[in-house]
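Dear colleague,

I am handing over the structure below, followed by an account of what was found in it. Please read the account alongside the coordinates.

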Amino acid sequence: MGEKRDRPGYAPVPGAGGDPGYEGFAEYDRRQERIGRHVVVAFALGLLFGGFGVVATHVLPRGVTAVFNPYGYFLLAVYVGGTAAGIGWAALSSLLAALAPLVASMAGTLVFEGFDAQAWGAGSAIQTNVLLVAIFGYGLAAYVARRAGIAGDVTAGLLGGVLLADAADKAAPGWVEYVPGFWPWPAAVVTMLVVATVALLRETTAGRARALVSALVIPAAVILLAPPW
């Protein structure tokens, strides 16, 4: 006996007979839903991080602030960029990860003492703008770092290496951005977070190993080639 779709008077069964149309549209809808949720999560996390940054600045110990600001924002950008569905969505998510914390911080600081640029970005307007661009770039680079091959390994390593070099600069007396008290535990926390992030960006043991080795290149170069002031 033939299937219902073969009998007169019956409508074709969606997806039957190898027709990919029904399943194709269903998968397209699911993909669009995942993308929409990802964008919303990027914006919500940005607001959450910005709000926490305000609390950390005004309430929590200085060591927590030194770790979270700015490294927490960079790791947020790595997450939203590395989990994006495409380069365009990575750009949008990274932009939200950069701007949403600033919006939350501007609103949050009004509760404590009025607007204070140092509550987010810890610097002038120019430094804050540079930080915004850097966070946006980190999100895009994180998307590239999820690609297979040595290029992805090196990109993931460089993302971590820049943060490690910055942490080393803050931990070592006499360097440009030395922060008293950053050593030992704040620097150790940053190092562990960076290592975990780099490892999660790669899917194989060999890729993780190459990425971690690449991450050591930048701080090593900074220490060897740029002596303290």
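With Arg30 and Glu27 three residues apart in helix α1 (residues 21-58), about one helical turn separates them. Their side chains meet in a salt bridge, with 3.0 Å from N to O, where a salt bridge is a side-chain nitrogen of Lys or Arg within 4 Å of a carboxyl oxygen of Asp or Glu. Arg30 is partly exposed at a relative accessible area of 42%, and Glu27 is likewise partly exposed at 34%; buried here means under 20% relative accessible area, exposed means over 50%, and partly exposed lies in between, with a 1.4 Å probe and protein chains only.

Before going further, please note that this is a predicted model, in which local features need pLDDT of at least 70 and side-chain atom pairs count only at pLDDT 80 or more, while totals for chains, interfaces and linings use all residues. Residues are numbered from 1 along each chain as its sequence is written, and side-chain values use heavy atoms, with hydrogens and water left out.

As to the overall fold, the chain has eight helices and zero strands, the elements being DSSP runs numbered from the N terminus (helices H or I of at least four residues, strands E of at least two). Buried residues make up 39% of the 229 residues in the chain. Of the contacts with a separation of 6 or more, 67% are between residues 24 or more positions apart, a contact meaning heavy atoms within 4.5 Å.

The whole structure holds six salt bridges, and two of them that I would point out share Asp153. In one, Arg202 pairs with Asp153, with the closest N and O atoms 2.5 Å apart. This pair links distant parts of the chain, since Arg202 sits in the loop between α7 (185-201) and α8 (205-225) and Asp153 in helix α6 (residues 150-171), 49 residues apart. Both partners are shielded by the criterion above: Arg202 counts as buried at 6% relative accessibility, and Asp153 is buried with a relative accessible area of 1%. In the other, the side chains of Arg210 and Asp153 meet at 2.7 Å, N to O. Because Arg210 lies in helix α8 and Asp153 in helix α6, this pair ties together parts that are 57 residues apart in sequence. Elsewhere, salt bridges that share partners join Glu27, Arg30 and Arg34 into one network.

Which residues of α3 (71-82) are buried? They are Tyr71, Gly72, Tyr73, Phe74, Leu75, Leu76, Ala77, Val78, Val80, Gly81 and Gly82, so that by the cut-off already given the helix is mostly covered, with eleven of its twelve residues buried. From first C-alpha to last, α3 reaches 16 Å, close to the 16 Å expected at 1.5 Å a residue, the expected span being 1.5 Å times one less than the number of residues.

The search used a 1 Å grid over the protein atoms alone, a cavity being a set of points where a 1.4 Å probe fits but cannot get out, and a pocket an open set with protein on both sides within 12 Å along at least five of seven lines; lining residues have an atom within 4 Å of a point. Grid points are joined across faces, edges and corners, and a volume is the space filled by probe spheres set on the points.

By this rule there is one cavity of 30 Å³ or more, and the largest cavity holds about 50 Å³. Its lining consists of Leu75, Val78, Tyr138, Leu159, Gly160, Leu163, Val194, Thr197 and Val198, with α3, α6 and α7 each supplying at least two residues. Seven of the lining residues are nonpolar, two polar and none charged (Ala, Val, Leu, Ile, Met, Phe, Trp, Tyr, Cys and Pro count as nonpolar, Asp, Glu, Lys and Arg as charged, and the others, Gly among them, as polar).

The second largest pocket contains about 230 Å³ of space. Of its 13 lining residues, Leu75, Val78, Tyr79, Thr197 and Leu200 are the closest to its centre. Helices α1, α3 and α7 each give two or more residues to this lining, and α3 gives the most, with six. By class, the pocket lining has eight nonpolar, four polar and one charged residues.

With best regards
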